[in-house]
Structure formats: C-alpha cells, structure tokens
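Here's a quick briefing on how two chains pack against each other.

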Amino acid sequence: VLLRIVKNSIRRRPRPLLLVLLSVIMGSSVATAFLGINGDLSRRMSLELRSYGANILVEPIAADQGGLLNAADLPRIKSIFWRHNITGFAPYLFGVADLAAGTKKERGVVTGTWFGRELAVEGEETTIQGVRVIAPWWEIAGRWPETPDEAIVGATLAARLGIGAGAELTATALQESRRFRVVGVVTTGGYEEEQVFAPLATVQSLLRTEGKVSRVLVSALTVPADDFGRKDPATMGRDEYEKWYCTAYVTSVAKNLEEVMAGSRAKPVWQIASAEGGLLRKLNGLMLLLTVLALGASATAVSSSLMASMAQRCPEIALMKAVGADRLQIIAIFMGEILILSAVGGVLGYLVGDRLTLIISRMVFDATIISPFWLFPTAILAALAVAVAGSVVPVRRALAIEPVRVLRG
Amino acid sequence: MFRRRWMLTLVLRALVYRRGRTVLLLAVLAMASSLVAALGIVSDSMGRRVAEEIGKYGANLVVMPPDARIEVGSGGLNFGAIREPSYLDQQRVTDALTGSGLRAERSLHLRGLLHWRDADIMAEGVNFPEIRRLFPWWQLRGAWPQAGEALVGVDLAARFGLQPGDLLELAGASRHLRTRVSGIVTSGGEEDALLFLELPELQTALGLENRVSLVRLLVTVGRDRPSDAAAALQPLLTGATVREVRQVARTSENLLAKVKLLMSLVTAVVLVCAGSSVAGTMSTTVLERGREIGLMKAMGAGRWEVLLIFFGESLLLGVSGGVAGYLAGIGIAQFVTRTIFAAPAGVIPVFAVASVGVSVMIAIMGSVGPMMAVFRLDPVISLRGE
C-alpha cells in the first residue's frame, strides 16, 4: 500500500515533484562539477604554470673552468625518482664562433640544443623533449629546424647580420666550419635573441666537444616550499632527510637530478620556482572556498524547494491522519518519495555535472579532466543526504498537523 | 486611490499571514543574490590579486641601448665583452618614464667590471629598495645593505670565500671603492655571479655618472598589456629600445586570461543552478495558491489586478532578499579574499544593483511565470478544491 501511494503521488502530481527533482539535479550537478574540477585543478594549474619556463638549472660544478656535462646522462633524467614530475628538459651547448652571412661578419654565440626530439627510455613512454616543450613563449618567424644543417637565429643578431629565414650562414670555431640554412628567426625579449640555435649534434662536432653539453634546463612539477621545504637538507637527520627527499620540493627534485648527471650541480631558478609556489597556493585555496560556497548554496536550494513542496501538502497529510495513518506511515510515505526523487536526481545530476566538468576543462585548459570514479557514489549519497536533511523540518511540521483544523478549510 | 491602498494591504497581509513561507522565500532569494555579490566581488578582486601575484615573476619590459647585447645566459657563462658596452642616460630615461604616465615598477641597472685581488668582478649598480620590489625571489643570507654596503652572489662568494661582514677594496676605472658585504644572494640566475652595489657608488667608481646599462619595468598585467606599453614607450625613448620579455609577459597574459575564464564559467554555472532552483521553489509556492487566485477572481478581480498583487509581492520579496543577499555576499567575499589573498576586497556598489536585480528577476520569473498557467484555471474548478 505504501509503495502504491508513493507511486501514485509521483504520477498524479508531476509538477511540484518535477521542480524538486530539478533542484536536486541542479544541486548534485554543481557538486559533481566542482569536486571533479577541484580534484584535478591544482595539477592543471601547475602544468599551466610550467609554461613560465624551466625551474631547475643543471650545470657543471666547475662551470668557470669550462667544465661540461655528458650528453649520455640526459636520458637518465627521465628515469629518476621524480621522473613523472619532469614535464620537459632541454640541453644546451654554448660556444663562440665567427658568423658570416653574405658579406657581413660577426662574432657571436652558437648554441646547440634539442628542439623537439623523441626520447625513448626503457620502461617509460616515449616523450618529446627540447626547447619547444619547455619554452612555449618563443616566437618563431619561419619554422623550427628539422635537419642537422638547419638553424634558427635570434632576432637582434639576425637584424645585425641582415638575414632572415632562407638565408645561408657559416659558423667557424677553431678549425671547424659549418654551413647552416636559416629556417627561422626567434623573438623572446631575452638573451636568446643574440644567439644562433642549431641541432645539438652539429654544434658538438663544430666545437669538437662530442657528447658534451654546457647545461640542462629542466621543467618540473613541484610542490610549494613550506617551512620544512626551506630547511637546509645538510642539517637534517636521517628521517627528516628521507621525508624531504620524498616530497617534490624544487630543491629535492634538483638534488635528484644532481645525482644522475655526473659532475653536475642543480640549482632551482628561484624567479620561476618561488612565484609559482605562491600562485598555486592561492589558486587552490580560492577554488576550495568556491567549492564550499557552491556546495552550501546547492544544499540550501534543494532543501528549500523540498520545504516549499511539503508545505503545499497540508490537506493531504491531514486527510491521511484522519483516516488513521500513524506517524511512522506518514514518515515512510514522505521519505520514500524523497529517496526516490533524490536517487534519480543524484544520477542525473552526476551525468550533467560530468558534462559540465568536461566543458569547463576543455574551455579553460584544452584538456579533458576525467571525474574520478569515487565521485559517482559520492554524488548520489550527497543528494540523498541533502534531501533527507532538507525534509526533516517539513516532515516534522507535517506530523504536527491537526487534521481538524486543516480539513475545515 | 482606495483601491490601490487596499491592494498594498492585501500584499502585506499576505506576506505576514504566511510568515513561514515568506521567510523561506526570503532566505532562498537572499542566498541566490549573495552568491551573485560574493562571486562578483571575489572574481573582480581576484583578477587584481592574481595580477599582483603574477608580478612576482619579475619585470616584463626592458629598456636598453639599441646596440647593446643582452648577456648570454647566466652563471659562469662569460664569453667576455664582444663589443664595447653602451649606456643609457639615466636622467633622460627617468624623465621619459615619468612623462609617459605609465604606471610601472622600475629598477635601474648598471654593469661594469671592478678589479679585486688580481681578478675582475662583474658588478651591478642597483637601487636596493627597487630590487626588493622587482626581484621578490632573491633569497638572502645576511641583511639588505645599508649605505656603503654590498650584496654578493652565491657563486661569487663561494669563489672568493666571502662572508657577510667582509670588507672589500675594489678598484674601478676611475676611483677606488671600499664596501662591506652585508649579505649573500641566491637566485639560481645570473645574479649568483654578480656583486651588487648602490648605483651612485658604482657610477662614481666607474666614472660613469648618470649612466645606466639597463632599465627593467614591471607593467601590471591586466591593466596594461606589456606589448602595448612597450609600443607606447618606444617613441618617448629615443636612443633606446624597449623590449617585451616574452617569457614573463606573454605567459602572464595567458595565465590571467585562463584564470578569469575559469572564474566566469564557475560563476555562470553556480548562478544558473542556484537561480533555477530558487525560481522552482518560488513557483511551487505560487502553484499552491490556485485557490486564493480563484477566490479573487470569483470576487470580481480582473486579471491585471491579480497579476499586480502577485507582482508586488514578488517585487517586495525580491528587493528585500536582494539587499540582504548583497550584505551577506559582501561578508562572504571579504572572508574569501582575506583568507586567500590576505587583503580586503573592495566594496563595489555595482554588485548591489546586480544582486538586487538578480533577486527581483528570479522572484518575478518564479512567480509571475507559473501564474500564467494558474490564470487559465476556471475559478470554479480551483475553488472546488483540486
């Protein structure tokens, strides 16, 4: 009998119940969308901040005496403990050379680097590494070099030499000499504009430093430095050191890199690393507070619409009481209705919220944020909890109804 | 006249009589409009705060002599001076910057070699208060310099075994210089290999009075675009080039745009959901009043009068809910910005209008809309009780 009453009540009075259902759907979709975005937001944001450029510089210990690093160690960067936090790296080899283009001559810096090179490391996915990954702000007029004899030239150097894309450039260092075809001009506003960039292997043979690099710039996802992260690892005890090593502070990732690159020291680039920490902390805090706000708002909206729909049904309850329904039965009828509504609303709301997460993440981050799986039961449970909480007051009011007064009209 | 007063009484009495319902509706309307106010204020002040935070990435414009070279890379990579250094006229540059009306943080830099114990040290003359604003990432061991003191980069300090408190006797091109090391600076950049002195001291030591090699500018992103500011400054600074530091400038613009987009999407989602849910609640309470409307009609009230009564009711509810919501919204926004950015949010009057407007709109949409359906009811049917 109870079931039939609930069923009929839903079928006969679709409109008010539909409104309640709507607000349950809205509430749980907002909750799903927010929790879904929030879960992945800090990772997305830190990936976003990586476009400010590398935050760790690896250079030879004896940089002053012209020490160099081994290029053979480079793939090991993707095999360190924090390998999944390394979003990209690029090796550089610098050397001074006499540049000649047409009739103009100039002494300048030739830099060998990887532009975008596939790197296969055993047991890891093949990744693309190089300047294109870690320095997205480079503006190239022309295209990136593809073959060993192609090069790009910094804008101010190109202006002085009077060359552009398509020109020929000869670089002479010591006894060696190489001809490059200029395929692009690069604008950065930084020291890159004074250099010629060519593939690493070519520059290594030009400078006769086969298998060597001058420095490596590494872009790594890190956690903001807290008080513990700022401590000097040299003064730490064994346990503390382990904890420090296993937290992705920029300093501990740098330490990790130092260990795989022979004869190197790794320095955090504080310009990038310190600003990033502060920004991330604030954005995460903001999103968390907004989530709480949105959850609170959707809970109030759902419970208020429940209250409104309950208040409407005084005569019905009075009639039930008059024909002899006891308290338990009334509670069962109402709760049954609410549970069905909120279960349906929770499922639909989850689906809508999932879409919303997708749309927002596509628009903002150009990436797909997959809502974690635990969100599904959470969304439904949350919808149930909010609906039940919101119906406590109206059900108690319903129980307090005196049939005589209401039915009199 | 009488009729109008009667109607007002009816509206007020209806609100007072159904106190519970009125409070409920006020609460939900206030909630929706407080969301409008809070989200609006937070996203507005957030734009500025995030821009400030992004400013910690440092200068986004550089002013330098047209034929100067930017030093290659940082730390240890010194290829020697490939050409004669060139300088800017300090007075002319600062005058031009003041005259341009551009609001930007700036720092002046002069580079030059000083001789110390058979070695050449690359020294940079700066103004330390400017440095503290434009280079917030410097990590300092020791203290910021007083007059006659200097900072040493960590690599340089390691090379010569310098400690805070050490005295340096430096020989410049035109004059000797005595200074005390007050602190050691670590930045992970080219600063690690430099010696930092007060700008006037280095200028006299090098005999380069009123000369600087570089001026760094930080234009607040979000108010001005760095590239536009560079284009506006260039004609004022003859004999210098203004460049945009793309690493900082472009990335900051993109980041700020993304944060703003995220914020506005989130605001839109929350508002649509809360708004429709509230409008639903309103319409439930109107639907239950079919009987009342039937009675009014039966007593000879015209469609307009009934509509006016309900319209008045929802207007009253909407306005008071909106005002309450605005006040609550200011409170929430203050809390959020204080917790995250440790700065008070500005009180922006525009959002008072917006939150009252949204509240009134929801109230009217939620009550007048469904009433159209109620109108179609025959009073006989609605009075009969179903």
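Setting aside neighbours within four places in sequence, B:Val50 is in contact (heavy atoms within 4.5 Å) with A:Leu279, A:Leu283, B:Leu256, B:Val259 and B:Phe341. This is a predicted model, where local features need pLDDT of at least 70 and side-chain atom pairs count only at pLDDT 80 or more, while totals for chains, interfaces and linings use all residues. Residues are numbered from 1 along each chain as its sequence is written, chains are lettered from A in the order in which they are written, and side-chain values use heavy atoms, with hydrogens and water left out.

**Cores**
- B:Val50 is listed with A:Trp138 and A:Leu286 as having the most contacts inside the largest nonpolar core, which has 92 residues.
- Such a core is a set of buried (under 20% relative accessible area, 1.4 Å probe, protein chains only) Ala, Val, Leu, Ile, Met, Phe, Trp, Tyr and Cys residues joined through side-chain atoms within 4.5 Å.
- A second, separate core has 64 residues, including A:Val110 and B:Leu134.

**Interface**
- On the contact count, 74 residues of chain A meet 73 residues of chain B.
- Together the chains bury about 6,500 Å², 70% of it on carbon and sulfur atoms; that is accessible area (1.4 Å probe) lost on being put together, summed over both.

**Charged pairs**
- There are 5 salt bridges between chain A and chain B, each a side-chain nitrogen of Lys or Arg within 4 Å of a carboxyl oxygen of Asp or Glu.
- One salt bridge joins A:Glu193 and B:Arg243, at 2.7 Å from N to O.

Technical notes: Buried area = accessible area lost by both parts, 1.4 Å probe. Buried < 20%, exposed > 50% of the residue type's maximum accessible area, 1.4 Å probe, protein only.
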